[in-house]
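Subject: Structure handover

Hello,

Here is the structure I promised you. Please open it first, then read my notes below.

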Amino acid sequence: MNVSELLRLLQTEHDESAARAGSLREQIERLTTDLAETEARLAELAATRKVIDGLTPPDQAPAPAETATVYQRIVTTFNEHPGKVFRVRDLHEHLGLPTDEPSINVTRSRLGRLVRQGLLTQPGRGRYQKRT
C-alpha cells in the first residue's frame with residue numbers, strides 16, 4: 001500500500017467519523033430540547049398539584065383512601081364468595097354500607113368498572129359475580 005492510498009483511506013474514515021459526530025450532535029440537541037420541555041412540563045404539573053392541594057378542603061383529603069378501601073372490601077367479598085351472585089343492595093348489606101339510592105349507584109358504578117376490568121362478570125341485569 002502506498003502513501004496516497006493510505007491518505008485516501010484516512011480521509012474516508014475521517015469524513016465518515018465527522019458525519020457520525022455531526023449526526024450525534026443533532027441527536028444531542030434534539031434530546032436536550034425534549035428534556036428541557038419535559039422538565040418544564042413536570043414543573044408546571046407540580047405547581048398545579050400544589051395549587052389544587054392548597055384549594056382542597058382538609059375534610060376531602062381522606063376520600064381517595066376511603067374509595068380504595070371500599071374497592072378492596074368489594075373485591076375481597078367476591079374473592080371470599082367466588083360462586084355467589086350478588087345484587088348491589090345485598091352487597092351493601094353484606095359490607096355494612098348505607099343502602100340509600102345514591103350509595104347504591106356509586107357501588108353500581110364501581111362494580112361496572114370491575115366488570116370492564118375483567119375481575120367480575122354480570123350474569124344478569126343488576127347481578128355480579130367473580131369471574132372464574
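The side chains of R41 and E44 meet in a salt bridge, with 3.2 Å from N to O. A salt bridge here is a side-chain nitrogen of Lys or Arg within 4 Å of a carboxyl oxygen of Asp or Glu. Side chains of opposite charge can pair when their charged atoms come close. R41 and E44 are both in helix 1, which covers residues 3–55. They are three residues apart, about one turn of the helix. Helices are DSSP runs (H or I, at least four residues), numbered from the N terminus.

A word on the source. This is a predicted model, where local features need pLDDT of at least 70 and side-chain atom pairs count only at pLDDT 80 or more, while totals for chains, interfaces and linings use all residues. Residues are numbered from 1 along each chain as its sequence is written, and side-chain values use heavy atoms, with hydrogens and water left out.

The cut-offs are simple: buried is under 20% relative accessible area, exposed is over 50%, and partly exposed is in between (1.4 Å probe, protein chains only).

How many salt bridges does the structure hold? It holds two. The other pair is R89 with E101, and their closest N and O atoms are 3.6 Å apart. R89 lies in helix 3 (residues 88–95) and E101 in helix 4 (residues 101–116), so this pair ties together parts that are twelve residues apart in sequence. R89 is partly exposed, at 37% relative accessibility. E101 is partly exposed as well, with a relative accessible area of 41%.

Next, the rings. The structure holds one aromatic pair. F78 and F86 form it, edge-to-face, with 5.2 Å centre to centre and 75° between the planes. Rings of Phe, Tyr and Trp (its six-membered ring) pair if their centres lie within 6.5 Å; planes under 30 degrees apart are stacked, over 60 edge-to-face, and the rest tilted. Both F78 and F86 are buried.

Another ring has a charge over it. The charged end of R110 sits over the ring of Y71, 5.6 Å from its centre. The test is that NZ of Lys or CZ of Arg is within 6 Å of the ring centre and within 35 degrees of the ring normal.

Now the inside. The largest nonpolar core has 14 residues. Such a core is a set of buried Ala, Val, Leu, Ile, Met, Phe, Trp, Tyr and Cys residues joined through side-chain atoms within 4.5 Å. I74, F78, L91, L111 and L114 have the most contacts inside this core. Helix 2 (63–80), helix 3 and helix 4 each give two or more residues to the core. Helix 2 supplies the largest share, four residues.

What about the surface? M1, V3, L6, L7, L9 and L10 form a nonpolar patch there, with about 650 Å² of accessible area together. Patches are made of residues with over 30% relative accessible area and no salt bridge; like charges are joined within 9 Å, and nonpolar side chains (Val, Leu, Ile, Met, Phe, Trp, Tyr) within 5 Å. Areas come from the Shrake-Rupley method with a 1.4 Å probe, and for residues only the protein chains shown count as cover. L6 is in helix 1. L6 counts as partly exposed, at 45% relative accessibility.

Best wishes
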